[in-house]
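Welcome, and let us take a walk through this model together. Please have a look at the sequence and the fold before reading on.

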Amino acid sequence: MTFLKQFYQILEGRRFLLATSVTCGLLFAAANLLPPLLIRTLIQWVTEDGGNEQDLLTLTLLLVVIYLLRGLFRYGYGRFSHVAAYEVMHELMVRVYRHIQKLPHRFFSNERTGNLISRSINDVEAVEDFVAHGVPETMLAMVIPAAMMAVLISIDPELALITLLPIPITGFLVFKFNKRIREHWRSVRGHLSDLVAQIQDHLSGIAVIKSFVQERQAAHRIEEHSRRFRDSSIRANYLSIIPAGLIEGAGGIGVVLVIWAGGSKALQGELSVANLFLFIVYLGQIYQPFLQLASMNDVLHRAAVSTG
């Protein structure tokens with residue numbers, strides 16, 4: 001069963017909450033698109049002799065309303081996603097514990113208690129984090145850039161294609177890293193389970209350890225397990241942050257391209273100052289959803305590993 005199918009089943013009874021969160025997120029994204037368009041209109045009035053004081057007052061009031069609505073949508077976006085996430089966490093905690101109770105005796109003779117604790121708590125928390133942040137951020141990462149691309153293409157298709165060129169190249173490079181990142185986070189989960197199991201074993205038998213003066217040896221074993229967990233986490237994190245660096249660099253290249261190609265068109269009178277402004281502003285924002293998604297790459301992969 002794929003991760004998406006498992007995740008869809010987990011969301012049963014909470015899909016409306018998550019859908020409401022995503023809807024608020026989309027409205028929040030729309031509110032982010034409008035201010036640059038209104039400011040573009042103001043620049044057109046200034047440079048092309050249009051508009052008046054009444055028009056300016058109307059535009060200002062529209063901006064005030066948009067920013068207030070943006071704050072409201074941002075609140076709903078965060079609130080509903082977290083309520084859904086905590087509901088899922090509660091159900092998974094209970095479901096995992098009930099499942100463990102039904103397992104045969106021979107399972108517990110071969111499985112360490114620490115591993116069960118790690119699975120019952122850490123994996124559930126990874127899924128909760130994904131519900132609260134991963135799903136809404138993924139939706140915004142798809143919708144916001146697509147909407148901005150549509151606006152830019154409608155203004156100047158040739159310039160839009162030039163300035164958006166880094167996006168597919170960066171997407172391909174990020175995709176190439178995904179499989180390796182997931183494998184590394186699976187290793188991290190295994191080392192964490194071993195560490196928790198070792199600590200639990202030692203604490204359960206602390207009286208025996210102290211009676212036989214084995215404190216140094218026990219501490220050494222914990223240190224070894226902790227070192228493996230630390231090293232695997234560093235390796236996984238190293239790979240997880242590479243996509244963010246790629247996207248950040250691509251965003252910079254996109255802005256450079258719009259300044260070069262768009263500035264050249266503006267100097268030749270083929271592109272208005274207002275449209276050049278919109279290109280620069282949108283190119284500065286279009287990569288932000290990708291960047292936020294890349295910064296959450298470890299959350300996404302931990303959730304995928306935890307449900308696998």
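Two residues are said to be in contact when they have heavy atoms within 4.5 Å of each other. Helices here are DSSP runs of H or I with at least four residues, and strands are E runs of at least two, numbered from the N terminus. This is a predicted model, in which local features need pLDDT of at least 70, side-chain atom pairs count only at pLDDT 80 or more, and totals for chains, interfaces and linings use all residues. Residues are numbered from 1 along each chain as its sequence is written, and side-chain values use heavy atoms, with hydrogens and water left out.

Let us begin with a pair of helices. From α10, the residues Gly 254, Val 255, Val 258, Gly 262, Gly 263 and Ala 266 meet Leu 276, Phe 279, Ile 280, Leu 283 and Gly 284 of α11. Sorted by class, this contact has seven nonpolar, four polar and no charged residues (nonpolar: Ala, Val, Leu, Ile, Met, Phe, Trp, Tyr, Cys and Pro; charged: Asp, Glu, Lys and Arg; polar: the others, Gly among them).

Now for the core. A nonpolar core is a set of buried Ala, Val, Leu, Ile, Met, Phe, Trp, Tyr and Cys residues joined through side-chain atoms within 4.5 Å; buried means under 20% relative accessible area, exposed over 50%, and partly exposed in between, with a 1.4 Å probe and protein chains only. The largest such core has 28 residues, and Phe 279 and Leu 283 are among those with the most contacts inside it. Elements giving two or more residues to this core include α2 (15-48), α5 (113-155) and α7 (166-204), while α11 supplies the largest share, six residues. Leaving aside neighbours within four places in sequence, Phe 279 touches Leu 152, Ile 155, Asp 156, Leu 159, Ala 160, Thr 163 and Val 258.

Not counting residues up to four places away in sequence, Gln 198 touches Arg 112, Arg 221, Ile 222 and His 225. Glu 128 is found in helix α5 and is buried too, with a relative accessible area of 13%. Beyond its neighbours within four places in sequence, Glu 128 is in contact with Ala 85, Tyr 86 and Met 89.

Our last stop is a loop. Val 213 lies between α8 (206-211) and α9 (215-240), and is exposed, with a relative accessible area of 60%. Its phi is near 55 degrees, a positive value in a residue other than glycine. Most residues other than glycine have a negative phi.
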